[in-house]
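Dear colleague,

Please find below the structure that I am handing over to you. My notes on what was found in it follow directly after it.

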Amino acid sequence: MDLIKKLLERWKTEYDFKTFITASGMLAMNVIFAFYNGFLGIYRSSLWHGTICVYHIILILLRGTILLSAKKIYERKEQDSAKHKVYLRVSVLLLIVNICLVVPIVLIIKQQTYVNMSQFSANAIAAFTVYKIIIASSHLKKRKVSSDCLTQMLRTINFIDALVSILTLQNTLIMVHSGGGDLRLIPLTSVSSTVIWCIILFLSVSSITKGVRQIRSGD
């Protein structure tokens, strides 16, 4: 009980601790979604599910790299320069995520995806996505509360993950409510998907720029 109380107290008072615990939970969810979409991608020969599987695999690498590296850095009491190198490596992976998203975005715009889901399930996903984007947005603003660059990176990743959830939700709702046959939605999906992709690109490039600047300032 004492251990649980201590963990809860740290959760309430230590922003870095809360961020890393949250990231651990999100990593576990990425593993589940990667297997799920990977299975559907193979079983249904679905390029859509295959690309979403790759996306979650890269997120596993992103979060896993930060969590494992942070653990080693804190145990060895290494200098901030070690964190900055990890930050830059993860920033490059973020750019790869951005590139990989081009394929599912094109599939969404062309409505060449497959989703077999009830309206109730789609609405439940919509509610969860709204919650996810609100939480991720609020923490993106508060990420500078921490001076730890790895904590800031985890919050950026969470926000990008939430943006991608909007893309998948958009596709799900289109498939469920129109069966993917409403060509009138193509201009709307094109604009919204492009805007989201540009935001993710901006965050990716900004992270790389910041990573390079951190390493140079440490030299």
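A residue is called buried if its relative accessible area is under 20%, exposed if over 50%, and partly exposed in between, computed with a 1.4 Å probe on protein chains only. The model is a predicted one, in which local features need a pLDDT of at least 70 and side-chain atom pairs count only at pLDDT 80 or more, while totals for chains, interfaces and linings use all residues. Residues are numbered from 1 along each chain as its sequence is written, and side-chain values use heavy atoms, with hydrogens and water left out.

Of its 219 residues, 44% count as buried. A contact means heavy atoms within 4.5 Å. Among contacts in the chain with a separation of 6 or more, 79% are made by residues 24 or more positions apart.

Thr156 lies in helix 7 and is buried, at a relative accessible area of 2%. Residues up to four places away in sequence aside, Thr156 touches Leu140, Arg143, Leu203 and Ser207.

The next topic is the core. A nonpolar core is a set of buried Ala, Val, Leu, Ile, Met, Phe, Trp, Tyr and Cys residues joined through side-chain atoms within 4.5 Å. The largest one here has 41 residues, and Leu62, Ile66, Leu150 and Ile157 have the most contacts inside it. Helix 7 supplies the largest share of this core, 11 residues. Beyond its neighbours within four places in sequence, Ile157 is in contact with Leu59, Leu62, Arg63, Ile66, Val90 and Leu94.

How do helix 3 and helix 5 pack, and at what angle? Helix 3 (residues 47-76) and helix 5 (residues 102-110) pack at about 150 degrees, with their axes 9 Å apart. Axes are lines fitted to C-alpha atoms, for helices over the stretch in contact, and angles run from 0 to 180 degrees between N-to-C directions. Leu47, Trp48, Thr51 and Ile52 of helix 3 make the contact with Val103, Pro104, Leu107 and Ile108 of helix 5.

Finally, the cysteines. The structure holds 0 disulfides, a disulfide being a pair of cysteine sulfur atoms within 2.5 Å. Cys149 is buried at 5% relative accessibility, whereas Cys100 is partly exposed at 28%.

Yours sincerely

Note on methods:
Helix = DSSP H or I, 4+ residues; strand = E, 2+ residues; numbered from the N terminus.
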